[in-house]
Structure formats: structure tokens, C-alpha cells
Amino acid sequence: MTARLAFDVAAGLAIFFACVMVVHRHPVKSVLALVVSFFALAVTYVLLSAPLIAAVQVIVYAGAILVLFLFVLMLLNVPAEVRQTPGRPIHHTLSAGAIVAFAAALLAALRSYGATAAPPSPAPSDPGDLAPLARLLFSDHLLSFEALSILLLAALVGAFTLARREGSP
Amino acid sequence: MSGADLGIAALRVLAPVLAILIVLPMLQWVERRGAGLIQDRPGPNRVGPFGLLQPVADVVKFFMKEDLIPSNADRFLYVLAPGLAAFAAMTTFAVIPYGATLSVGGRVIPLVGADVSIGILYLFALTSLSVYGIVLAGWSSNNKFSLMGGIRSSAQIISYELAMTTAAAGVVLAASSFRLTEVVVRQGGSWFALPFRGWNVVPQFVGFVVFFVSAFAETNRLPFDLPEAEAELVAGYHTEYSAMKFAMFYMSEYINVIVVSALTVTLYFGGWTLPGLSPAGIGGVLLSVLVFALKTSFVVWVFMWVRWTLPRFRYDQLMRLGWKALLPLALLNLFWVAALVVWKVL
Amino acid sequence: MTVALWVVPALPFAGFLLCLLLGSRLGKSFVSTVGAGSVGLATVAAWTRLVPYLTGDGTPVVEKVAPWIAAGNFSVDVSFRLDPLSALMVSFVTFVGFLIHVYSIGYMSHDETDAGYARYFSYLNLFLFAMLVLVLANNFLLLFVGWEGVGLCSYLLIGYYYEKEYAADAGKKAFIVNRIGDFGFLLGTFGVFGLFGTLDFDSVFSRAAADPARFAPGLTLVCLLLFVGAMGKSAQVPLHVWLPDAMAGPTPVSALIHAATMVTAGVYMVTRCNVLFRLAPEAMFAVAVVGGVTAIFAAVIAIAQNDIKKVLAYSTVSQLGYMFLACGVGAYVAGMFHVLTHAFFKACLFLGSGAVIHALGGEQDMRRMGGLGRRLPLTYTTFLVATLALAGIPPLAGFFSKDAILTGVFAAHRPILFGLGLVTAGLTAFYMFRLVSLTFAGDFRGTPEAAAHVHEAPPTMTLPLVILAFLSAIAGFLGLPEVFGEGANRIAAFLAPVFPRVGLAAAEPPAHSLPAATEWLLMGTSVAVAAVGILLAWTWYAKRAGRPAARVAASLPALYRLVAEKFRIDELYDVLFVRPFVWLARMLWKVVDVLIIDGVLNAGAFLVELTGDALRFLQTGNVRNYALTFLLGIVALLLIVLAG
Amino acid sequence: MTPNGIPLGDVLLASGALFTIGLAGALLRRNAISIFLAIELMMNAANLAVLGYAAALHSLEGQIVVFFVIAIAAAEAAVGLAIFVALFRHTETIDVNKINLLKW
């Protein structure tokens with residue numbers, strides 16, 4: 001039960017800071033809230049027997065992607081959002097309605113489908129042992145893995161091309 | 001879990017932290033005296049014999065100074081940033097094994113804070129978080145020099161982390177484990193028979209060089225201390241900081257140096273192992289701790305040595321070195337290690 | 001040493017690629033070496049394969065290179081076949097081709113850029129490649145590839161001077177008229193597959209011979225369709241119109257493609273399929289009639305032409321008619337024999353005319369020539385030899401081959417066709433000597449500048465002339481008539497394996513039923529007819545400078561104009577086919593395409609535009625609106641899933 | 001129920017909540033980078049659900065899926081941020097209400 005408690009606390013923290021992220025007007029604060037949220041999520045990952053994913057989550061998301069966000073925010077010196085005077089009442093009303101409807105539908109879907117997970121098949125192995133995961137990744141999913149490496153290269157080149165100034169090397 | 005077990009566990013974790021906190025003020029003295037030595041000047045020599053009490057004076061000074069917060073700063077983040085930096089630095093030490101496994105009274109105690117299966121990943125996860133301290137300090141100060149420092153730091157750390165991780169991947173590949181204790185044990189074997197079980201620095205010299213250079217960038221030490229380059233940015237991200245907050249940045253920098261040195265020793269110089277030393281009995285284990293401490297000290301000294309020897313890189317040179325030299329070299333090293341593993345040399 | 005068969009066509013193809021890709025950069029000497037050298041090597045390679053046939057028993061050899069198409073029970077290989085027929089064709093095609101390449105080096109060197117020179121030689125090499133594929137093919141489909149390939153090269157080379165409109169038009173005309181024939185050939189191929197379930201020569205012929213009665217009804221149609229293809233390629237009436245226009249190409253091309261090799265492909269194909277044709281007597285008769293009519297028809301037209309190459313072109317058409325006449329009466333050996341001899345003397349004639357045109361700086365009208373015999377002695381001599389051969393004067397080559405055909409027709413009891421043949425022989429002698437007289441005898445009728453320019457051609461041009469004239473003179477001894485003794489007709493013995501016995505008595509090759517006296521008589525008749533033609537032409541044109549001919553023409557003005565204007569076949573086609581088609585195309589364009597199809601499309605486009613005008617306001621440019629729409633869609637989807 | 005005694009329902013509920021929060025952020029914020037952050041949050045919510053199921057089913061495939069998602073997210077972030085930088089150079093803003101050139 002300690003695990004469940006820890007999970008609920010971590011998930012609650014993640015949700016709370018996600019809310020902070022959405023509500024906060026300043027993008028830098030949003031990013032920081034999201035860092036905390038992601039860190040809490042990493043804790044939940046550990047509790048869900050996925051320590052490698054947790055580490056990757058922290059290294060890649062918190063350590064790289066969000067730092068990149070911060071870097072861009074600082075580079076562009078993005079100011080805080082200010083309340084728009086005319087606003088967009090139609091959009092906002094519709095959005096709020098749609099979000100509520102979505103949340104309700106999601107709850108209903110969880111109620112009817114979520115619990116129908118099949119009973120566990122084999123005995124779970126030691127979550128700390130990364131070898132089975134690695135074996136799976138480099139055998140069954142090798143092609144996806146290689147495709148991903150090409151995708152990353154393409155993204156690298158694309159980002160470079162997009163962000164460089166005209167005429168600079 | 002008995003009380004004794006808990007106590008031992010706490011001791012295992014806290015011992016290295018305490019050791020670092022004790023050594024920390026000394027390091028500052030060593031650094032300044034070393035600078036004097038290298039630059040042919042006395043260095044601090046007024047407080048106590050050979051200026052040995054200078055660190056004490058400094059600590060007192062830090063405590064006594066007025067703690068200023070700029071009026072336009074983001075107070076919360078401004079206060080949070082130095083704590084974050086120090087915290088990230090200190091927690092990193094938890095997974096580094098600092099001695100051989102101790103067997104006392106039927107208890108087996110590995111001399112490491114926490115022997116986790118993803119030790120190296122944990123290390124990199126926390127190092128990558130350490131950037132937040134600097135970036136937030138730079139941004140929350142609301143000062144253009146600080147902001148520049150923060151921006152530089154984020155770009156620099158993201159860039160060099162890549163090379164550093166890739167270089168370390170070679171070690172992981174050779175040890176076929178992320179577990180740092182295993183990395184160390186693996187380096188305590190045969191030097192002259194195949195498969196090679198000596199220090200990693202021998203087969204992976206290129207990886208070591210990449211890792212070590214990246215380590216300088218990761219810790220913002222000269223020649224890569226662009227986030228605080230005093231000639232351009234006054235003092236970079238900590239321009240506005242004073243008193244204990246400044247001291248925490250100062251501390252975290254030294255802690256980072258120690259951690260990175262310890263990591264270098266662990267990954268490439270056999271950790272606490274020494275050829276010919278078998279850590280049997282309490283004496284042997286203590287000896288292994290001593291070996292580890294000496295190796296780490298030496299690497300720390302190299303950090304200082306380099307600081308007072310090399311000039312600072314220009315920013316574009318820094319980026320070019322990271323992306324066009326170190327990263328390809330690290331990849332090359334990875335291929336090399338993979339080949340060695342396939343050829344059963346490692 | 002045995003060279004693989006595929007090497008023979010591959011060599012010119014390699015030459016083609018080299019000339020095409022590197023020729024314009026490496027210059028003329030490279031192109032000359034590669035272009036002529038590759039064909040020379042191919043000649044050597046072909047001859048090494050020919051030699052065993054001269055002594056051996058002529059067993060066919062089939063060499064499979066690669067599987068090509070395999071679909072269900074239909075399978076075709078890229079495979080080459082060597083038997084006496086293809087060995088004969090390959091060896092003279094490569095040899096004549098080589099001579100004409102050598103000739104071209106001299107002929108084309110003056111007035112072409114490096115790029116044009118390389119283009120010319122690459123086309124010529126490609127032509128030889130296609131022709132060799134055609135000749136060596138072991139099935140109808142591969143034969144069709146070569147068939148289309150030579151058609152393409154013919155088109156390209158006729159239109160070689162593409163900047164001149166008439167050359168480009170002539171190329172297009174050749175291509176389009178050939179399409180008609182090719183379409184027939186393709187249908188014939190389909191028919192062959194439909195009847196026999198295979199396209200392999202051996203299988204088709206053996207199946208046909210094994211059970212003639214079973215295939216008889218469809219076979220006639222198939223043979224007629226195949227013959228339509230031959231008519232297109234070999235310029236038989238009424239598809240002959242393209243060949244005279246094809247003289248717009250360079251003269252060596254006319255010699256190689258439009259006299260010696262490509263146009264005889266039809267004869268080759270009919271001979272190749274002799275088993276099928278012999279089983280379809282109606283088709284044979286059609287072949288004979290078309291051949292005979294073409295022979296005399298083209299000969300008549302040739303009399304009234306003033307362009308030196310046009311005369312030779314109509315002569316070619318006429319001689320091709322001869323060959324088909326021979327095939328039609330079952331004298332395939334005579335037909336192939338004539339193909340061989342005709343290749344030598346007609347190539348020689350074309351090259352000679354080329355030398356004349358070359359000497360006169362491009363002048364082709366015989367009315368502005370004359371008296372060139374003294375200025376171009378070597379050209380004159382070789383030309384005269386080839387002319388005599390064509391006219392059928394013994395003992396030159398043409399005499400024997402033409403005599404073999406006439407004998408064959410006579411033996412087949414076709415008196416009308418025999419009469420046509422005989423008259424044609426006389427006409428041939430007449431128009432050829434009209435040509436010789438106008439060109440080489442009398443006084444020069446051109447401008448003084450042109451007279452000053454006259455010079456003998458370089459050795460690369462005269463050497464092929466001499467060789468070809470020599471061959472025109474002696475090639476006839478390959479096929480001496482039977483009266484000179486048993487086995488004198490060596491070509492018949494050589495080709496005998498190509499004509500297997502089939503199960504139909506009427507379809508066997510004609511036996512030598514003619515008594516020796518009749519044969520001698522036939523020979524004498526044809527020589528006499530030829531001699532009359534020669535003498536008449538010599539008297540009218542050389543001695544009396546064409547005045548009697550002018551009088552004859554003046555006394556029958558309508559007829560003369562009709563003949564001079566080639567019986568107005570082109571105009572007839574223009575009225576019958578071209579204008580209705582143009583009208584139809586215009587209808588389809590203006591009414592169907594512009595009004596109906598475009599109208600429907602435009603109406604659709606207009607509707608879409610209208611709808612777009614109305615709906616475009618949904619495109620707010622604000623991503624959040626899009627995201628919202630997206631979300632609404634997902635909510636709807638979720639609700640559907642939950643409800644369902 | 002996952003091996004550590006965490007009910008799958010808790011995981012899915014947390015995931016759904018995070019997803020909905022991200023959705024709200026994506027729809028209601030005007031700052032392009034904030035929207036991007038919200039989308040990242042949604043992706044993490046999905047990851048959480050996948051890992052929850054993976055744990056409940058004792059399957060490693062789920063972890064691999066998440067691994068790929070994270071890697072693709074990294075690529076996406078790099079390209080997306082590069083686009084924002086380029087966009088900002090042109091328009092001097094990253095307010096999506098003002099970036100609406102592609103409209104009727």
C-alpha cells in the first residue's frame with residue numbers, strides 16, 4: 001500500500017503542477033511547473049516498474065527538451081500573456097464545453113473499458129534488470145529503432161535549416 | 001529492517017556527503033594556492049600558517065554579508081535557484097561507489113550510497129537537472145548579463161551532455177551494465193590477458209578524452225566557463241547574488257567538480273581498484289577507499305591545473321568543438337568499443 | 001572459336017552507347033573508330049558463326065540469354081537462333097553495314113558538327129543492333145522488338161536533318177505508315193499465340209506442320225496479318241508511300257536501311273514463317289499478287305522520276321515486289337537470293353549516287369547532271385557494274401537471282417504474274433539506263449560552279465563501292481540454275497533446312513519440273529528483254545539527249561503527268577484518310593473536348609469554387625480553432641464508441 | 001492491479017486528468033510555446049496510461065512504445081522550437097491569435 005500511496009502523491013503532484021503550468025501566464029513559470037510535473041511523473045514510472053523509462057524521462061524531457069524550451073523562451077524573451085480585451089467568447093465557451101464533454105466521455109470510457117485489463121500472464125521479472133527490455137528493443141523493434149535514428153537525424157537537419165538565419169553558414 | 005541496518009544505510013549515503021562538505025573549504029584554499037603556484041605569486045598567506053585558515057575566514061564572511069535581492073527579480077525563483085544547484089550537485093554522489101564491499105559481523109555492506117541498476121542513467125539525469133539552477137538564477141535576476149549567462153549555460157550543457165553521454169555509453173557497453181559497482185569491479189581484473197579487464201582508459205582513451213573535456217563544460221569550469229565569463233558578462237548568472245546564496249553557487253561548482261572527478265575515476269580509472277590491491281578485510285577496504293580518494297583528488301587537481309593554464313574559449317569555438325569534434329569522436333569511440341566487444345578483446 | 005550469339009548484337013549496342021554518351025565530347029575520330037569498329041567486330045563475330053554452317057548440316061542453334069516474360073502459360077525468353085537463314089542474313093547485314101559505316105566516315109565528315117556526327121553514328125549502330133535482334137530472334141516477340149527498333153532508327157535517321165521540314169515530315173510519314181504495318185504484325189503475333197499457344201519459332205512451326213488441317217482456317221488470316229506487317233516494312237503497295245520520301249535521310253542511310261537491310265526484313269519474316277505461309281495458299285497468292293503489282297507499279301513510276309535517289313527508291317520498291325512475288329509462288333530460296341544480291345548492288349548504287357551527290361555538292365536532280373563518267377571514273381565503273389547487275393545481264397548477280405524468280409513464277413503456273421515480272425525486268429533495265437545515261441553520259445548540264453566542284457570521293461567512300469561492285473558481279477555464282485548441273489545452286493542447298501516438309505502436299509517447294517530447254521529459253525527471254533530496255537534507254541537518253549522520250553511524254557501528257565506524279569497515291573491518301581481524320585480530330589477537339597469534357601470539368605470546378613467560397617470562412621488561420629474542431633471530432637468519436 | 005499494488009484505475013485516472021489538463025492548455029492558451037508545452041503534457045499523459053497497462057499486463061512492449069514516444073517527442077520539440085524561432089524572427093510574436101496568415 002505504500003506504493004499506492006506514493007503513486008497517488010506523485011500523480012497528485014504531477015496533476016497539480018500541470019494545472020499550474022496551464023494556468024500560469026508566464027511561459028517560463030509554465031515550463032518550470034512542467035519540469036516538476038514531469039519529475040513527479042518519473043517517480044510514478046519508477047513505481048510502475050519502469051525505471052529505465054523514468055531515467056529517460058528525466059534525462060530527455062526534464063534535462064533536454066524542457067531546457068530547450070527555456071532556452072528558446074529566453075532567446076526570444078517571450079513576455080507573459082496579457083488578458084485580451086475583446087477576448088474570444090465563442091471559442092472559449094465552445095472550448096470549455098468541449099473539454100468538459102471530453103472529460104466526461106473519458107471518464108465514461110474508463111468506467112466501461114479501463115478495468116477490463118487482462119489478467120497478468122507470466123510472472124513479472126525484476127524491473128531493474130534491463131536486459132530483457134534491451135533484447136526486445138534490439139530484436140523485435142530493431143527496424144523501428146533504426147527508423148527512429150533516421151528520424152532524429154532528419155529532425156536535427158530540419159531544426160538547423162529552420163533556425164539558421166538567411167545567409168549564415 | 002532493523003535500526004542498525006537503517007543506521008548503516010544512512011551512514012553509507014551520508015558519509016561521502018559529509019566528506020565532501022568537509023573537504024570543500026579546503027579545496028578553495030588549494031585552488032587559490034595552486035593558482036599562486038602556477039602564476040608565480042604567493043596566493044593567500046595572511047590568515048593562519050600558509051593562509052590555511054583563509055577558508056574559515058571566507059565562510060565567516062559569507063555568513064556575515066548582507067543578502068540582497070534585486071527589486072525586479074522574481075523572488076521565488078531567485079531564492080530557489082542556488083538551492084537547486086547545490087541540491088542537484090550533492091544528490092549525484094549517491095550512486096558512486098567509493099570503496100570495496102565491506103563484510104562486518106555477517107553484514108555485507110557495499111560502500112556506495114545506493115547500488116541501483118540504472119546508476120549511470122541516474123547520474124546523467126541529475127546532472128542534466130543541474131542546469132536549472134544556473135538557468136533560473138540567470139533568468140530570475142532580471143539582469144541582462146545574468147540572462148545571457150543562463151542562455152549560454154543551457155545551450156552549452158545540452159550540447160556537451162550529448163558527447164559526454166555518448167562517451168560514457170562506451171563504458172556501459174564494455175561493462176554491459178549501467179550499474180556503477182559493476183563498472184568498477186570489471187576494471188579490477190587482468191591487464192595482460194584477453195579479455196582485457198583493466199582500467200577503461202586504456203582501450204577507450206578517445207572516449208576518456210571526450211568525457212573529460214565535456215566534464216569541464218558540464219561543470220562550467222575554465223576553459224568553458226562562458227556562463228560566468230567575467231570579461232564579458234561581469235559574473236554571468238550569479239552577478240546579482242551575494243552572501244550565502246552566492247556561497248551555494250560556489251559550493252555547487254566545487255561539488256560538481258568533485259562529483260565529475262569521482263565519476264571520471266569510476267568510469268575510466270578503475271574506481272577504488274588498484275592493480276595488485278585485493279580489498280580483503282577492513283584494512284583492505286579502507287585502503288580501497290583511500291585509493292579512490294587519492295585518485296579523485298588527483299583529478300580534481302587536474303581541474304584546477306587546467307583552470308589556471310588555459311584561456312577561455314570563444315562561444316562559437318565552444319559550440320564547434322562540442323558538435324563537430326567531441327560528438328563525432330564519441331561516436332567513433334562507441335564504434336571502436338563495439339568492435340572490441342565483438343572481437344572479444346573486452 | 002565460338003562467340004556467343006548475343007555478342008553479335010551487343011557489339012553495335014555498345015557502340016551506340018559509347019557514341020551517344022561520349023561521342024560529342026571525344027570528337028569525330030573517336031566516333032568513327034567506335035562506330036565502324038564495333039560493327040567490324042560484329043561482322044567478324046558473325047562470320048565465325050557462319051563458317052561452320054558452310055560445311056555443316058545446318059542444324060539450328062538456339063541460345064537462351066535470359067527469361068523475359070513469364071506469366072501463366074505464356075512465357076517468352078530472350079533467346080537467339082542461328083540457322084542457315086539467319087546466318088545468311090546476319091553475315092551480310094553486318095558486312096554491308098560495316099562497309100556503309102566506313103563509307104559514312106567519308107560522307108559525313110565534312111558538313112557535320114561533332115554532336116551531329118556522334119548522333120548519326122549512334123543511330124546507325126542502334127539500327128544494326130535492332131536489325132541483328134530482328135534477324136537472330138527466336139520468337140515472334142523478340143522479332144517484333146527488333147522490328148520496332150529498326151522502325152525507330154529508320155525514323156530517326158530519315159529525320160536526321162531535322163531542321164529541314166521535309167526531312168522531319170518524311171520521318172513522321174515513314175513512322176506512321178510503318179505503324180499500320182506494325183499493327184498488322186502485332187495482330188498476327190496475337191493470332192499466332194492464339195492458334196498455337198506459344199511464340200517460339202520451333203514450337204509454332206512444328207505444331208503447324210504436325211496438324212495442318214486443324215489450324216487451316218485461322219492460319220490464312222494470321223498469315224495475311226503478318227504479311228500486312230511485311231508490306232509496311234518492305235514498302236509494298238499500298239503502303240509503299242513512305243520509302244521514296246525516306247530518301248530525305250543521308251545517302252548511306254538510304255543505302256543501308258532503305259535498300260539493303262531493313263526493307264528486306266519483311267521478306268525475311270515471310271521466309272522465316274514459310275511453314276505457316278505454305279499452309280495458307282490463299283495468303284501465298286495474296287503475297288504473290290501484291291509483290292507482282294508492286295514490282296511493275298514502282299517500275300513504271302521510276303521511269304518518270306528526275307531525282308536520282310527517287311529513281312533508286314522506286315527501283316527498291318520494285319525489287320522488293322520481286323522478292324515477294326518469289327515468296328508468293330513458293331520460291332523462297334529465289335526470294336532470299338534476290339535479297340542478298342539486291343543488297344549488294346542496290347547498296348552499291350546508292351553509295352554511288354551518294355558519291356555523285358557528294359561530288360556535285362548536294363545536287364540530286366539528274367537534269368542538272370550529265371557527262372560525269374569522265375570526271376568520276378571509279379564511281380562510274382562501279383555504278384555501271386551494279387546497274388548491269390540490277391538490269392539482269394549475265395553473268396552478274398542480278399541476272400541469276402532474277403532468273404531464279406522468273407523461273408519460279410513460271411514453274412508455279414502463274415502466267416499473268418510471269419508476264420508482269422518480265423515486263424518489270426524490261427522496265428528496270430530501261431529506267432536504270434536512263435539514270436546512267438542522264439548522269440554519266442552526254443554533256444554536263446549544271447552550273448559552271450558545280451562543274452568546278454566535281455571531284456572523286458575519298459578512299460573511305462570509294463573502297464566500299466569497289467567491294468560492293470565486285471560482290472554484285474560475283475554473288476550470282478552462289479545460286480546457279482540447275483541447268484548448270486546438280487548442286488550448282490549452292491544457296492538452295494544451304495537454305496534447304498529452313499524449308500521443312502509439311503503435311504500438305506500442295507505446300508511443298510516446287511519440284512524442278514522444268515526441262516532444261518525451257519530454262520534456257522526463259523534465261524534467253526529475260527536477257528533479251530533487259531537488252532531491249534538497255535538499248536532503248538541508251539539510244540533515247542545518251543545518244544539523242546532525251547528528245548525521243550520528251551516526244552513520247554508530250555504525246556501522252558495526261559498519262560505522263562500521272563506517272564510523274566506517282567499515280568497521285570499521296571494525294572489519294574490525303575483525301576481518303578488524312579482529311580477525314582483531321583476533320584474528325586477537329587470535331588473531337590472543338591466539340592467533344594472543348595465543349596463537352598471541358599464544359600463538364602469547368603462546371604465541376606466552378607461548383608467547387610463556389611463551395612470553397614462559402615466554406616473558406618471556416619479557415620480562420622487560428623490554430624486554436626482547428627484544435628477545437630479536432631477535439632469536437634474526437635468527442636463525437638468517443639460518444640459513438642460509448643454508444644455502440 | 002500492477003505488481004507494486006497500484007490499481008490500474010488510479011493510473012488511468014491520473015493519465016486522463018493530465019490529458020484533459022493538457023487539452024485545456026492547448027485550447028485556451030495563446031502563447032504558441034505554452035500550447036506546445038500543453039501538447040507535451042498530453043503526450044506524457046498517454047505515456048503514463050501506456051506504462052500503467054504495461055505494468056498491469058507484465059509486458060515490456062509498453063515500455064518500448066513509451067521509449068519511442070519520448071524519442072519522437074525530442075525530435076518534435078527540436079523541429080517545433082526551430083519553427084517558432086524562425087516564426088518569431090518574421091513576425092516578432094508567438095501569439096497564435098496574431099499568426100493567422102493562412103486564412104481565407
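Colleague: What makes you say that Phe227(C) touches other residues, and which are they?
Modeller: This is a predicted model, and a contact here takes two C-beta atoms within 7 Å. By that test, leaving out residues up to four places away in sequence, Phe227(C) touches Val270(C), Ala283(C), Ala286(C) and Val287(C).

Colleague: Which residues have the most contacts inside the largest nonpolar core, and what makes it a core?
Modeller: A core needs buried nonpolar residues joined through C-beta atoms within 7 Å. The largest such set has 219 residues, and those with the most contacts inside it are Phe127(C), Phe227(C), Val287(C) and Ala347(C). Helix 15 (residues 332-359) of chain C gives the largest share of this core, 18 residues.

Colleague: Why is this core said to lie between domain 1 and domain 2 of chain C?
Modeller: Because domain 1 (1-138) and domain 2 (139-503 + 511-564) both give residues to it, the core is placed between them. Apart from this core lies another, of 200 residues, with Ala14(A), Ile53(A), Leu70(A) and Tyr122(B) among them.

Colleague: Now to chain B. Why is Ala168(B) called buried?
Modeller: The cut-off is 20 or more other C-beta atoms within 10 Å. Ala168(B) has 26 such neighbours, so it counts as buried. Ala168(B) is part of helix 5 (residues 144-175) of chain B.

Colleague: Which residues does Ala168(B) touch?
Modeller: Setting aside residues up to four places away in sequence, Ala168(B) touches Ile120(B), Phe211(B) and Leu267(B). As for Gln204(B), 36 residues apart from Ala168(B) along the chain, the two C-alpha atoms are separated by 10.0 Å.

Colleague: What does Pro16(B) touch beyond residues up to four places away in sequence?
Modeller: Phe93(B), Tyr98(B) and Gly113(B). Gly113(B) is 97 residues apart from Pro16(B) along the chain, yet their C-alpha atoms are separated by 8.2 Å.

Colleague: How do you know how many contacts in chain B join residues at least 24 apart?
Modeller: Take the contacts between residues at least 6 apart in sequence: in chain B, 76% of these join residues at least 24 apart. Chain B has 11 helices and 2 strands, in the order α-α-α-β-β-α-α-α-α-α-α-α-α from the N terminus. Of its 346 residues, 49% count as buried.

Colleague: How does chain C look by these counts?
Modeller: Chain C has 27 helices and 2 strands. Buried residues make up 52% of its 644 residues. Among its contacts between residues at least 6 apart in sequence, 80% join residues at least 24 apart.

Colleague: What makes up the contact between chain A and chain D?
Modeller: The contact takes 69 residues from chain A and 61 residues from chain D. On the chain A side, helix 3 of chain A gives the largest share, 13 residues. By class, that side has 55 nonpolar, 11 polar and 3 charged residues.

Colleague: And how many residues of chain A are in contact with chain C?
Modeller: There, 10 residues of chain A are in contact with 10 residues of chain C. The chain A side divides into 7 nonpolar, 3 polar and no charged residues.

Colleague: What confidence does the predictor give?
Modeller: Chain C averages a pLDDT of 86, with 97% of the residues scoring at least 70. In chain C, helix 20 (residues 448-453) is lowest at a mean of 79, and helix 5 (residues 140-158) is highest at 92. For the complex, the ipTM is 0.77 and the pTM is 0.56.

Conventions. Residues are numbered from 1 along each chain as its sequence is written. Chains are lettered from A and ligands numbered from 1 in the order in which they are written. This is a predicted model: local features need pLDDT of at least 70, side-chain atom pairs count only at pLDDT 80 or more; totals for chains, interfaces and linings use all residues. Helices (H or I, at least four residues) and strands (E, at least two) are DSSP runs, numbered from the N terminus. A residue is buried if 20 or more other C-beta atoms lie within 10 Å of its own, exposed if 12 or fewer, and partly exposed in between; C-beta atoms are placed from the backbone. pLDDT is the predictor's confidence in each residue, from 0 to 100. Ala, Val, Leu, Ile, Met, Phe, Trp, Tyr, Cys and Pro count as nonpolar, Asp, Glu, Lys and Arg as charged, and the others, Gly among them, as polar. Domain bounds come from an automatic or database domain assignment.
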